[in-house]
Amino acid sequence: MIGNDSYVRPSDDKNWVHVDLKRVKRDDPFLRFDWVDPTGLKAFTSSIASVDRVDPHTYAGRFDPTGKDATSFLPVGAPSIVSIGIRLSPFTITTDDKGWVTSIKVELSPSEGPKLTLTTTMKDHGKPLKINAPARAGEAADFYYRK
């Protein structure tokens, strides 16, 4: 996220996709983009059903991917994907020596198709950061911008 722009890139791809958030229809039932929580972190933490400390740097638990109050979402960092009817799913959070979260890994097992795993990594907590947009990013599909 950079201002009103979102950039997404699967880890196995070199190409970035740009979404101009000012152009996204705010009440689109398929995108379910939360303008207050664009990365999905707040939605994720409110959906946690259980968590246990595995070791000094690892926490494991389960979250409800259908979200609180039946608002479906797929955290963290994928605001335009929704999950419908998926049961409690596992997550793992790792921290550094200072207790800062360094990764959040979530897994979903749909009734059909392969398991989906998303890992969000974080680093350099508390350090100044200059964010630059990717040099080359393709524009998101037209359905993101339908009016």
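**Note on an open sheet and an aromatic cluster**

1. In this predicted model, three strands make up an open sheet of mixed pairing, ordered β1-β2-β8. Strands (E, at least two residues) and helices (H or I, at least four) are DSSP runs numbered from the N terminus, and two strands pair if DSSP finds at least two bridges between them. The edges are held by β1 (5-8) and β8 (137-139), each with a single partner strand, so one side of each lacks a neighbour in the sheet. From one strand to the next the twist averages 35 degrees, with axes fitted to C-alpha atoms and angles running from 0 to 180 degrees between N-to-C directions.

2. Strands β1 and β2 (residues 16-20) run antiparallel and are joined by four bridges. S6 stands opposite V19 in β2.

3. Three aromatic pairs are found in the whole structure. Rings of Phe, Tyr and Trp (its six-membered ring) pair if their centres lie within 6.5 Å; planes under 30 degrees apart count as stacked, over 60 as edge-to-face and the rest as tilted. For F44 and F91 the centres are 5.3 Å apart and the planes at 85 degrees, so this pair is edge-to-face. Because F44 lies in helix α1 (residues 41-46) and F91 in strand β5 (residues 89-95), the pair ties together parts 47 residues apart in sequence.

4. F63 and F91 have ring centres 6.4 Å apart and planes at 65 degrees, so they too are edge-to-face. Ring pairs link F44, F63 and F91 into a cluster. F44 and F91 are buried (under 20% relative accessible area, 1.4 Å probe, protein chains only; exposed is over 50%, partly exposed in between), and F63 is also buried.

5. Residues are numbered from 1 along each chain as its sequence is written, and side-chain values use heavy atoms, leaving out hydrogens and water. Local features need pLDDT of at least 70 and side-chain atom pairs count only at pLDDT 80 or more, whereas totals for chains, interfaces and linings use all residues.
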